[in-house]
Amino acid sequence: MLRTEEMLLNMGPQHPSTHGVLRLVIKIDGEIIREVDPVVGYLHRGTEKLAEDLTYTQIIPYTDRLDYVSAMTNNYAVVHATELLMGLEIPERADYLRMITMELNRVASHLVWVGTFLLDLGAMSPFLYCFKDRETILNLFNELCGARLTYNYMRVGGVKWDAPDGWLQKVEEFVRYMQKELNTYHDLISGNDIFLQRTRGIGVYTKEQALSYALSGSNLRVTGIPWDLRQHQSYSLYHQFQFEIPVGEIGDVLDKYHLRMQEIAESLKIVKQVLDVIKEGPIMGKVPKVLRVPEGEVYAGVESPRGELGCHIVSNGKNKPWRLKFRRPSFYNLQILPVLLKGENISNLVAILGGIDIILGEVDG
Amino acid sequence: MSDQEKKQERELITETKPANAMGEGTVKNESSNGEQGVQKSDAPSQEVTGDGSEPVSKEQDTQMSVKTLSGQAEEAVTKPQAASVPPRKPAATPRPVAKKPVEDKPLEPSRKQPWLDKFVVKLKDLEGSEHLEDAFINRANLDLPTLVIKGEWWRFLALHLRNHSDCQFHYVQNFSSVDYETHLEVVVHLFSFPHKERLGVRIKVDRTEAKADSVADIWDAANWNEREAYDLMGITFEGHPDLRRIMLTDQWVGHPLRKDYVPYDEGV
Amino acid sequence: MFGLVKGLGVTLKNMTKPKVTYNYPAEPIPVPDRFRGIQHFDAEKCIVCNQCALVCPTDCITLTGKRNPDPEKKGKVIEVYDINFEICILCDLCTEVCPTEAIVMTNNFELATYSRDDLFKSMQWLHDNNQNIRQENMSSKPPGATGRANK
Amino acid sequence: MDLFFYLGPIILMLLLLGFVTYAILFERKVIGWIQNRPGPNQVGPWGLFQTIADVAKLLLKEDIVPGKADRSLFKLAPVIAFVPAFAVLAVIPFTDSWQFGDFAVGLLYYIAISSITIIGILTGAWASNNKYSLLGGMRSAAQMISYEIPLVLSVIGIVMTTGSLDLNDIVLAQKKVWFIVPQFLAFLIFFIASLAELNRTPFDLPEAESELVAGYHVEYTGFRFAFFMLAEYVYVFAMASLTTCLFLGGWLPLFGLTMIPGILWFLLKFSLVVFSLFWIRATMPRLRVDQLMQFAWKVLLPLSLLNIFLTAIFKEIPVLSSFY
């Protein structure tokens with residue numbers, strides 16, 4: 001009998017596939033993982049503490065930096081919670097613009113996911129193709145609000161910029177292009193046997209586990225629970241539009257891939273529908289110059305590409321929040337990782353971790 | 001989840017829409033919670049101590065939160081408008097009344113009020129039963145039913161909320177903690193998939209000796225969140241399997257989200 | 001197996017597609033008008049209302065004013081106006097609140113230097129940064145203003 | 001003749017360095033084109049000096065030996081990895097006259113010598129005293145030993161047909177038809193197994209940058225790292241040459257176009273093989289360790305045995321026997 005020994009391997013904080021500065025302390029026996037302890041916090045910037053000293057408008061640029069691949073949704077989460085607390089009326093056009101940007105951002109975010117996930121699995125080109133298409137979205141955002149990543153686009157009561165001339169047409173062109181382009185992705189990735197082999201049947205968890213770990217977004221839907229805040233807590237004007245909530249069957253990483261691809265398609269569908277009904281109008285509601293939010297407490301969740309992005313605001317009637325807490329979906333979703341990784345090997349670790357889709361800026365707040 | 005349940009979920013869509021409209025439409029919300037939390041935290045706790053000594057049968061009436069209602073839970077359900085009482089009244093601190101003149105007409109009772117009243121009654125039937133400090137509807141937050149729980153009962157109630165067939169709050173939507181300067185509060189937003197109900201739970205925690213029971217074994221999601229609350233807010237969760245700092249380094253001094261936090265300076 | 005061949009087909013087809021990369025820095029990168037670049041500051045327009053410094057989320061703006069040297073005129077004139085680009089996040093809020101458009105965004109974004117000290121930009125430097133000034137500043141009025149019609 | 005005997009290898013070495021330089025550039029260019037970008041284009045016209053700049057950088061870098069590493073083995077490993085890669089080139093017939101060691105067991109020599117590389121990799125992985133490199137080394141050893149078997153077995157069909165292990169004879173036996181046609185199954189197996197032997201995508205598990213950071217050479221820098229890279233690309237060169245000789249008819253012209261010199265034909269076919277290596281690298285994700293091993297033992301090995309079996313049968317069938 002050969003004497004074997006478990007060894008401790010520090011994966012990260014600098015590692016190509018931990019998507020940032022996540023550190024996984026893994027105990028491995030050969031390549032088989034016995035125990036995982038995720039160490040987070042390397043990117044902790046204390047956004048919640050900073051927010052206590054910032055006015056509601058000033059918080060918005062900080063939210064850009066939480067989940068930096070879908071900053072629009074972050075903008076919206078804090079703006080939405082503030083508006084709820086203030087009881088503000090949002091002009092229709094502003095809401096539509098918000099929805100267009102959020103859905104485009106979801107597409108962009110999922111594209112990043114598909115790309116980096118395939119990169120984790122060792123395929124290079126899909127990554128570049130995804131970024132190429134994402135680039136179009138970023139350029140659209142750049143035209144709209146002057147930045148490619150940190151948009152700072154939404155304001156309490158509306159949005160900062162109206163769509164520039166011809167912007168909506170460009171969005172429509174992109175939607176049409178992207179709907180076709182999705183087939184290319186399926187040709188390239190979905191049928192690839194190696195990809196299927198790598199992702200099929202790994203990282204499976206039950207509905208009960210998913211609920212207990214409070215997973216959200218695709219990570220919850222993949223278990224077959226059709227839970228989407230866009231429909232079920234119906235913020236913004238999502239109830240006006242038709243879209244499906246794709247759910248998974250088995251709940252493995254392959255399901256997550258298909259689910260997110262479908263979500264891209266659904267998001268494009270929403271954008272298309274919004275483009276059909278969007279009308280001229282004001283983009284800012286009646287908002288006092290100095291935002292004083294009435295005393296109270298509010299928790300509002302929105303469906304970010306990664307799951308339920310919530311914002312818990314406690315206000316004491318001043319122009320700054322007394323306490324602001326983000327429910328950061330990546331943080332919740334990452335918690336299940338040690339359970340999923342027990343007994344897997346290192347290659348699967350990369351695939352499973354990639355499947356969860358974390359953004360370290362969001363995990364660490 | 002069965003198909004039937006899925007359907008129920010779909011139904012929820014229609015259910016929540018009006019709520020959304022209301023949340024934005026009505027000009028808010030007395031939001032006694034904030035006030036009570038920030039300024040009036042002493043009062044409830046005093047009354048709480050009174051409650052403990054009351055006979056069990058009377059407890060419901062003497063509970064601070066339901067006191068004004070004095071057993072009107074049923075009434076509130078049957079004739080809310082006729083009473084022309086602000087719906088929050090049952091749970092109210094005096095503040096909403098003070099705000100009343102501002103409003104042209106009294107607010108309609110929240111659609112969640114009947115549900116909450118029933119729910120509270122059921123909770124009170126549990127053994128011990130002095131666990132609730134307050135129960136009200138947070139109108140600003142899309143009529144979120146909110147319970148204020150005494151710290152020592154948190155674990156007991158958490159188990160109940162998680163497991164009892166009437167509750168089944170399997171899902172932690174949010175796990176937050178707030179420093180009200182007079183006391184700390186752990187705020188948990190729960191969601192029940194079978195019943196499609198949201199519930200806000202607030203647990204009061206003493207500030208100097210910040211301790212609360214851990215619920216990490218009840219909801220797995222609470223594990224890291226409790227670590228985060230411990231790290232940043234300095235609440236010790238007793239019974240937590242692995243209570244370490246999560247965001248900051250292990251050598252960090254102090255808990256940054258406390259309002260009186262001053263960065264530790266080695267030179268000083 | 002067929003899937004693999006299909007994938008190879010996709011990559012082969014992409015070989016002939018046009019290249020999408022920019023030849024930066026050999027060719028300047030085209031940015032839209034709304035692009036948030038380094039601010040341009042016009043001292044004459046400034047009324048020392050301090051709003052930009054107040055709204056700045058990172059406190060990177062330092063400004064002081066002095067009494068107007070012309071005794072007949074009221075108000076203050078700007079004396080010192082610095083932006084620390086080590087911490088400026090180009091969030092656009094300062095230009096949003098400025099009532100006189102004294103501070104506006106430009107489309108310049110190249111800030112790289114060999115020393116951090118160089119990132120501390122003085123009023124003069126900001127004033128001289130007057131190329132590619134953003135045209136569309138008025139639509140960024142503070143909350144409350146109704147939106148510009150979309151033509 | 002004597003002069004050639006001594007100078008030849010040096011010339012070959014220089015040619016090889018030239019090949020490696022431009023193979024790397026070519027690879028980056030191809031992958032660039034596939035990914036809608038131009039690839040390296042800053043150093044020199046069309047990026048021609050990119051690799052030279054890279055190599056210069058590597059050579060100028062500090063030579064770091066990790067403190068806890070086994071110093072002598074650490075220094076020895078790149079050499080062990082490189083020498084066999086270069087030595088196998090001796091038997092490759094580039095044309096009918098261009099061959100350094102023409103001996104009767106050329107194929108056997110190639111396969112025997114090439115196996116030594118694994119010792120170099122394993123030594124380097126072990127000596128680095130790094131967990132990632134150790135894992136990479138373990139993977140590498142398992143993989144290269146496993147895939148050697150189907151690789152060799154797939155060639156047996158050809159050996160049976162030609163009745164010789166001499167690569168010259170094998171090339172000449174393809175005058176009528178290239179072995180890729182009658183031995184297509186063997187070609188597939190050989191190609192896949194050679195991908196695995198070369199540690200190239202989709203079998204690049206030993207390096208697997210997204211899992212093991214850089215695998216066995218994670219601790220190597222500068223000059224020694226360059227040696228590993230060199231060994232890798234020399235192997236690409238050798239393997240592509242071998243594939244050309246075994247299945248694509250070596251220097252033999254196509255369609256009787258004999259006015260084009262044999263060396264050009266060889267280069268053409270050889271480039272085709274190299275291109276497909278790069279092409280596959282740009283497309284495929286990476287296999288998993290257990291799948292990799294299963295694939296070798298459960299798919300490739302039975303298939304290659306089947307191939308031998310079929311070849312033996314076809315040899316006896318009158319119509320087909322002319323091909324076998």
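Start with one pair of residues: A:Gly310 stands opposite A:Arg327, which belongs to strand S8 of chain A. What we are looking at is a predicted model, so please keep that in mind throughout.

That pair belongs to a wider pairing. Strand S7 of chain A, residues 307-315, runs antiparallel to S8(A), and the two are joined over 5 bridges. As a reminder, strands of a sheet pair through backbone hydrogen bonds, either parallel or antiparallel. Here we have an open sheet of 3 strands in chain A, in the order S6-S7-S8, with antiparallel pairing. Which strands are at the edges? They are S6, residues 296-304, and S8, residues 323-327, of chain A, and each pairs on one side only. On average, neighbouring strands of the sheet are turned by 15° against each other, direction ignored. Against this sheet packs helix H3 of chain A, residues 71-86, which touches S6 and S7 of chain A. The direction of H3 makes about 150° with that of S6(A).

Staying in chain A, look at helix H14, residues 346-356. How many of its residues are buried? The count is 11 of the 11, so H14(A) is largely enclosed by the rest of the structure. Among them are A:Ile346, A:Asn348, A:Leu353 and A:Gly355. Just after H14(A) comes A:Asp357, with a positive phi of about 65°.

Next, the contact between chains A and C. Here 36 residues of chain A meet 32 residues of chain C. On the chain A side, helices H2 (56-63), H5 (125-145) and H6 (167-190) each give two or more residues. The largest share of that side is the 5 residues from H5(A). By type, the side of chain A that touches chain C divides into 14 nonpolar, 11 polar and 11 charged residues.

Now chain B. Its secondary structure comes to 10 helices and 7 strands. Of its 268 residues, 44% count as buried. Among chain B contacts between residues at least 6 apart in sequence, 54% join residues at least 24 apart.

Last, the cores. The largest nonpolar core has 274 residues, and those with the most contacts inside it include B:Ile235, D:Phe190 and D:Tyr233. Helix H10 of chain D, residues 222-247, supplies the largest share of this core, 18 residues. Domain 1 (1-53) and domain 2 (61-322) of chain D each give at least three residues to this core. As for B:Ile235, leaving out residues up to four places away in sequence, its contacts include B:Leu184, B:Val205 and B:Tyr230. There is also a second, separate core of 21 residues, including C:Cys46 and C:Leu90.

Note on methods: Residues numbered from 1 in each chain as written. Chains lettered and ligands numbered in written order. Predicted model: local features only at pLDDT ≥ 70, side-chain atom pairs only at ≥ 80, totals over all residues. Core = buried A, V, L, I, M, F, W, Y, C linked by C-beta atoms within 7 Å. Buried ≥ 20, exposed ≤ 12 C-beta atoms within 10 Å, placed from the backbone. Helix = DSSP H or I, 4+ residues; strand = E, 2+ residues; numbered from the N terminus. Domains from an automatic or database assignment. Contact = placed C-beta atoms within 7 Å. Nonpolar A, V, L, I, M, F, W, Y, C, P; charged D, E, K, R; others polar. Pairing = 2+ DSSP bridges. Axes fitted to C-alpha atoms, helices over the stretch in contact; angles between N-to-C directions.
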